[in-house]
Protein chains: 2
Amino acid sequence: MDIYKKSLEHHKKWQGKISTHVKSTVQNKEDLSLAYTPGVAAPCKEIVKNPDNLYDYTIKGNTIAIVSDGSAVLGLGNIGPQAALPVMEGKAVLFKEFADLNAFPICLDTQDSDEIIQTVINISPVFGGINLEDISAPRCFYIEKRLKEVLDIPVFHDDQHGTAVVVLAAIINALKLVDKPVKECKVVINGAGAAGIAIAKLLVGYGFEKVVLCDINGALYEGTNNLNEEQILMAKITNPLNEKGDLRKIIVNSDIFIGVSAPDIVDEKMISSMNRDAIVFAMANPVPEISPQKALKAGAKIVGTGRSDFPNQVNNVLAFPGIMKAAVEVRKQITDEVKMKAAQALAAFLPEDQLTVNKILPYPFEKGIAQYIANEVKAFFSLEI
Amino acid sequence: MDIYKKSLEHHKKWQGKISTHVKSTVQNKEDLSLAYTPGVAAPCKEIVKNPDNLYDYTIKGNTIAIVSDGSAVLGLGNIGPQAALPVMEGKAVLFKEFADLNAFPICLDTQDSDEIIQTVINISPVFGGINLEDISAPRCFYIEKRLKEVLDIPVFHDDQHGTAVVVLAAIINALKLVDKPVKECKVVINGAGAAGIAIAKLLVGYGFEKVVLCDINGALYEGTNNLNEEQILMAKITNPLNEKGDLRKIIVNSDIFIGVSAPDIVDEKMISSMNRDAIVFAMANPVPEISPQKALKAGAKIVGTGRSDFPNQVNNVLAFPGIMKAAVEVRKQITDEVKMKAAQALAAFLPEDQLTVNKILPYPFEKGIAQYIANEVKAFFSLEI
């Protein structure tokens, strides 16, 4: 039976992948008088005195919302909030399983950015953090930025930052194997949506000086027409030589290729035109920009994809549970510095002497990764003023 | 140690009374590919085909939201959405414990009625029902009415309807003991807020012809000044003799007194002025309109309160878990007829030969009440066209 049929049966059997669980059961009058009226008036009054007490007496300190409008779901596109629910439940499962963080799916029946922002603000009292998910670019940039300004709880768009953190971690380890300095590597990113932009931003922040971001029209350079606000910013901070042209031209003599775009758009010639010891992350899902076999045959040294059935899976689950857990606990926003720290920690999880071209990242199910990332990120947060 | 200190410790220990629970664990690559990508695309696609499939593949069919703006919390008043959270979590606990219905607290950081409505509409895809809670009158009437018009999932304001159902059940059984016909009983309700209005409406619908609703200014009659829309409607359908005057005057020669108002506002003289075999439900919390001891001494035959430490506790938990469970399962709105059916079922749960003046209602923790109410209500729903 194929995975899709199996998954359908799995979902039908469980009728939803999460449920609520009562931490302390209510089985008699006394239980009831503690958890509910009249006793419950006591924590209510403490919170009236000081809203910070929410973190002591309620679920706020260990619960996040997974917010989506279903406008850019996995490989499925704009399928809307209803059809997005199985994905958001799945994400809730991952937060719980990997970081023991309670997460509840909130699928929004609107794709108006300002209404999404207002709705999230309105429901925010219950949550210690907001994980934005599968919201289309460029709307996702505006929504995230505004929510970060207004809310006093961490807001994280995993499609952007989770991806960027894991890609940076993979690059850090890959560069150890090919022994090239960050400043000299030319990095070509194909796909100027949420993930591509976030990756480019993080790499530039980390110290890469030769990043070129491409989309379907070729390289983004200062002066490109029809860019959105974020892309204009990217054209400014990337592509220092103001290179113009399509991916086939831009990829020549590059050291790292990162695809967050579409299946089969890179051929062997393009890989062969890269510098020696090329690093290729072809992360289009489920069909990568080029298959690992082809990329290796064409001369790539290290190849990663988004798939679990090839080596070097670049999987967000390595990053988001731990990062969010830490941010919720310290009640701070996740800055670029925090993301870099998380990427370094994730890279360092794998001892240098265990790195091989077929294993530059830990597997998602290696024990303790999320807690380790959370601890490292928390330690870093505590250094910040 | 008093109940408030104990409750505070209880809340601090548990840091929130509910958590999310993963129904089917994700512990390896294959689990992940079923619950999340790539397998999850299958239920997503089924829901795109037909949104009804949400009920087969997601949490929607067994999950409700408990929505409050914290504007009228228990005896605490307008304490806001943050401080209301312990109460909403408590309610979530009750839904789960009594009816095995997953409920998630949504405390809204707005008290603008239209914004509350829009926010609830926006988050509705995930939920199979909406339980409105502790929203002040008259806003609660407008919000509930509008949401019922717009949403295709049941919407229930428990402070109104849960209370009304349990009061009607209590009256049905009390009248069996004092042997008075419904049509001839004069019922005086003190308190013209959410609960008082809902009780009056349900009693009139049930066949009581002599209901008079009072507030702090005395009886509501047609032509009273400064009434809100719901109160104007109530003045029309109650008080057939157009009686005017304060509670002390109106209560004379009545058969049933229902207090949903304020502590200690009824004295023994007022009770003595009622008809023989008077029935008194003094439900102000925590201090009733008159203590059971005083009411009985003054001649009342049957006395109930909202408290668990006196006989005849009129407790919403007898009604809302079962009603909501049934409505979510059949996906229908809860009409007045449904509420009457629920009240009759609740009354009938106690065999007639076991009724005494000290036990006209089951105790909340008697086994199987919620499931029994749910079954009765579902059977009734299935009779409707």
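Q: Which residue of chain A does Lys6(B) form a salt bridge with?
A: Glu30(A), and in this predicted model the closest N and O atoms are 2.9 Å apart.

Q: How many salt bridges are there between chain B and chain A?
A: The count is four. There are also 42 residue pairs in polar contact between chain B and chain A, both partners at pLDDT 80 or more.

Q: Which element gives the most to the side of chain B that touches chain A?
A: That's α5(B), with 13 residues. Other elements of chain B supply at least two residues each, among them α1 (3–14), β1 (18–22) and α6 (113–123).

Q: And by class, what's on that side of chain B?
A: You get 45 nonpolar, 27 polar and 16 charged residues.

Q: How much area do chain B and chain A bury between them?
A: About 8,800 Å², with 69% of it on carbon and sulfur atoms. Each chain puts 88 residues into the contact.

Q: What rotation superposes chain B on chain A?
A: One of 180 degrees, with 0.0 Å of shift along its axis and an RMSD of 0.0 Å. That's how a two-fold axis relates copies. The same surface serves both, as 100% of the contact residues of chain B recur in chain A.

Q: Which residue of chain B comes closest to the rotation axis?
A: Thr20(B), whose C-alpha is at 2.3 Å.

Q: Switching topic: is Asn312(A) buried or exposed?
A: Buried, at 5% relative accessible area. Asn312(A) sits in the loop between β11 (300–305) and α14 (320–330) of chain A.

Q: What does the side chain of Asn312(A) reach?
A: The backbone nitrogen of Lys359(A), at 3.4 Å. A polar atom of that side chain also lies 3.0 Å from the backbone nitrogen of Ile360(A).

Technical notes: Residues numbered from 1 in each chain as written. Chains lettered and ligands numbered in written order. Predicted model: local features only at pLDDT ≥ 70, side-chain atom pairs only at ≥ 80, totals over all residues. Heavy atoms only, no water. Helix = DSSP H or I, 4+ residues; strand = E, 2+ residues; numbered from the N terminus. Buried < 20%, exposed > 50% of the residue type's maximum accessible area, 1.4 Å probe, protein only. Polar contact = N/O pair within 3.5 Å; in protein donor to acceptor, adjacent residues only side chain to side chain. Least-squares fit on C-alpha atoms with pLDDT ≥ 70 in both. Contact = heavy atoms within 4.5 Å. Buried area = accessible area lost by both parts, 1.4 Å probe. Salt bridge = Lys/Arg side-chain N within 4 Å of Asp/Glu carboxyl O. Nonpolar A, V, L, I, M, F, W, Y, C, P; charged D, E, K, R; others polar.
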